[in-house]
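The questions and answers below take up some labels one at a time.

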Amino acid sequence: MNVGVCKVRIRLPENHSLKGKRGVVKSLTARLKNKFNISVAEIDDQDLWQIATIGICCVSNDQNHTNEMLSKAVNFISTSEFDVELLDYETEIIPV
């Protein structure tokens, strides 16, 4: 079994309130969960208007599949119709 985790930092340049940020992040995390069947949550920077850190987790028997799912999720974030800018991401796959 392999557990893949990914930490993604995004910037919301057109956002001007925590309420607006919450709406974008909730919508983005819901789409990621539905499209890729992965666990997603906002994990840091809750008090900042224009920065969000999202944690993504995927569990699979195949390491390549785990890596592929995380890569697709990051690609979805960077090319989504949401007005977000991908700042940085870190991926780690842990064999259990």
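What follows sets computed values beside the definitions that give the labels their sense.

Q: How do you know what kind of model this is, and how are its residues numbered?
A: This is a predicted model, in which local features need pLDDT of at least 70 and side-chain atom pairs count only at pLDDT 80 or more, while totals for chains, interfaces and linings use all residues. Residues are numbered from 1 along each chain as its sequence is written, and side-chain values use heavy atoms, with hydrogens and water left out.

Q: What makes β1 and β3 a pair of strands?
A: Strands are DSSP runs of E with at least two residues, and helices are runs of H or I with at least four, numbered from the N terminus. Two strands pair if DSSP finds at least two bridges between them; β1 (residues 2-11) and β3 are joined over 10 bridges in the antiparallel sense, so they meet that definition. One of the residues concerned is R11, whose bridge partner in β3 is I51.

Q: Why is C57 said to be in no disulfide?
A: A disulfide is a pair of cysteine sulfur atoms within 2.5 Å, and a search of the whole structure finds zero of them. For C57 the nearest cysteine sulfur, that of C58, is 7.2 Å away, which is too far for a bond.

Q: Why is C58 called buried, whereas C57 is called partly exposed?
A: Buried means under 20% relative accessible area, exposed means over 50%, and partly exposed lies in between (1.4 Å probe, protein chains only). C58 has a relative accessible area of 7% and is therefore buried, while C57, at 27%, is partly exposed.

Q: What makes the phi values of N37 and D45 worth a remark?
A: Most residues other than glycine have a negative phi. Phi of N37 is near 55°, a positive value, and phi of D45 is near 60°, also positive. N37 is placed in the loop between α1 and β2 (39-44), and D45 in the loop between β2 and β3.

Q: Are N37 and D45 buried or exposed?
A: N37 has 71% relative accessibility and therefore counts as exposed, whereas D45 has a relative accessible area of 13% and is therefore buried.

Q: How do you know that T79 is exposed?
A: T79 is found in helix α2 (residues 63-79), and because its relative accessibility is 57%, T79 counts as exposed.
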